[in-house]
Amino acid sequence: MPDLDELYREIILDHYRSPRNRGELASPPAVRVEGFNPLCGDEVVVYLDVRDGELRDIKITGRGCSISQSSGSLMSAAVKGKTIEQVREVITRFKTMMTIYETSLENPRVPVEVDLRSVGELAALQGVVKFPVRIKCAMLAWNTLVQGLDES
Amino acid sequence: MSSFDARRVRADTPGLRRVIYGRPITYLDSGATSLPPRSVIEAMSRYYELHHANVHRSVFQTAAEATATYEGARESVANFIHAPGGAGEIVFTRNTTESFNLLAKSWGAAHLGAGDVVLLSEMEHHSNIVPWFQLRDATGVQVRFIPVGDDFRLDLRELDRLMDGVRLVSIAAMSNVLGTVNAVREVTAAAHRHGALLAIDAAQLVAHAPVDVVELDVDFACFSAHKMLGPTGIGVLWTREEILAAMPPFLGGGGMIADVRLDGYSPADGPTRFEAGTPAIAESAGLGAAVRYLTGLGMADVQSHDRDLTAYALASVADTFGDQVRLIGPADLADRGGVISLDVAGVHPHDVAQVLDQIGVCVRPGHHCAKLLMRRFGLNATVRASFGPYSIPADVDALVEGLANAIKMFA
């Protein structure tokens, strides 16, 4: 049985109860992007203040489960103040961490190896891959961020 | 004296033998899909092993048996819902959703035009909303909604005013989220007074209570086999013979024609007009067996069992959790069935369901394909537990145990 404590780490519950960078930015000038998980109804709204190739500020609102909301909070803390290039690197690392691939029938769900030191607090979300149904929850804010970066 | 015994139903249901993480499965998602009894599974196997042939085609023995199975299922379903015109009024579809699409795209497109109104309700499943929006976008039909009151029931006070211009009312007989059993007869009476027809989404009701389309005085009924102990892949549209006769074909192909010539085709009469291609034959055998099984249990007994269990669940949740767990649905037992939506303070439904899974309790978190209803009550999801004839008080106890675990973890 996958251990629930691996999914609901203390850091995740902390970010769920006290989300970082919660709120809105005036849009425009900020970019505002909505993300929905049509299957479960979870939603996030991401506000991005991108100037001179840098993500100066990010705010997030939304409603959803502890995984979708804490992932958004952790994401905002991880990318705020970084250059767009660095933000995209963080996104790539996170997406890799959330990837499972099939190696054999006996052991079908193997997480992709990621150097956890390179992702900082985001490593708390690593347990999500053991609950494949919840990966889409963890990805919601990130996919919305990518959409926002593409639009800005 | 009732012979209904949920423990016997459990013994007949192989799906309940599953063990999840070392505990027997607690299946509380019958509103999404129900667990079939062995007789349903065996009826399907028997078709594949003994009678496998296509229907309505060949003269050999097994083909005749396959056709008899398929048409026999139509007869069984007609009896089950008391279709006045018998088997000739039962159209087999894939599921409730396809039944509504058939209704909108065949009957709706042929009989409704710009300015006509289709009246739905705020508690509809998306399958009884989206096909009408699609029809609106294609033809200019208007779509209007009966509001849902704070008591989680249809607010019918303005019904006569809402009926202006309405040609069809299409509502859930029982809500898949709230468990509310709607006052179908009251709505039908208003619809007929205004010269409109009435369709019901009977997907939940057929599994929880006796359904008599004559007594309900409805004009169309849509439901799925898999929510009434049958297999996936087959559903039903019922309507009266004369309405069916005035409906143009839906999908085109083999089986639905009377003749095909170089210059065109003539459609077949009756239900087969809407059943293009090889139908779900094995599934029809399963559906027929499900109807026989439910008839054997007695739907009136199924309904009283459902009511007793709902009473126990509502009391258990209220006594254990008080205001911490809010019921999203009627608290009184009159006109409600065993579909129970809950909102746990401070814990998102997905997280509740995840914690419940740890002790083998299967519930459904989400918007239940009813986003209008979620918006109406300012929610984005609920946790839903729903009963079948095999559900027992121990299932409710496991649910309460899991809810307590979730609250302990998050609150």
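**Strands and sheet**

I looked up Leu119(B) and found that its bridge partner in β7(B) is Val169(B). Strands here are DSSP E runs of at least two residues and helices are H or I runs of at least four, numbered from the N terminus. This is a predicted model, where local features need pLDDT of at least 70 and side-chain atom pairs pLDDT 80 or more, while totals for chains, interfaces and linings use all residues. Residues are numbered from 1 along each chain as written, with chains lettered from A and ligands numbered from 1 in written order.

Next I checked the strands around that bridge: β5 (117–121) and β7 (166–172) of chain B run parallel and are joined by three bridges. Strands pair if DSSP finds at least two bridges between them. I then traced the open sheet of seven strands in chain B, and its order is β4-β10-β9-β8-β7-β5-β6, with mixed pairing. β4 (90–93) and β6 (142–146) of chain B are at the edges with a single partner strand each, so each has one side without a neighbour in the sheet. Neighbouring strands are turned by 20 degrees against each other on average, direction ignored.

**Helices on the strands**

I looked at two helices. α5(B) (130–139) lies across β5 and β6 of chain B, at about 150 degrees to β6(B). α7(B) (184–193) lies across β7 and β8 (197–201) of chain B, at about 155 degrees to β8(B). Axes are lines fitted to C-alpha atoms, for helices over the stretch in contact, with angles from 0 to 180 degrees between N-to-C directions; contact means C-beta atoms, placed from the backbone, within 7 Å.

**Core**

Which residues touch the most other members of the largest nonpolar core? I got Ala202(B), Ala221(B), Cys222(B) and Ala290(B), out of 124 residues. A core joins buried Ala, Val, Leu, Ile, Met, Phe, Trp, Tyr and Cys through C-beta atoms within 7 Å; buried means 20 or more other C-beta atoms within 10 Å, exposed 12 or fewer, partly exposed in between, with C-beta atoms placed from the backbone. Helix α11(B) (281–297) gives the largest share of this core, 10 residues.

I also listed contacts of Ala290(B) beyond four places in sequence; among them are Pro36(B), Val40(B) and Met228(B).

**Chain A side**

Last, I checked where the chains touch: 16 residues of chain B are in contact with 14 of chain A. On the chain B side, α13(B) gives the most, four residues.
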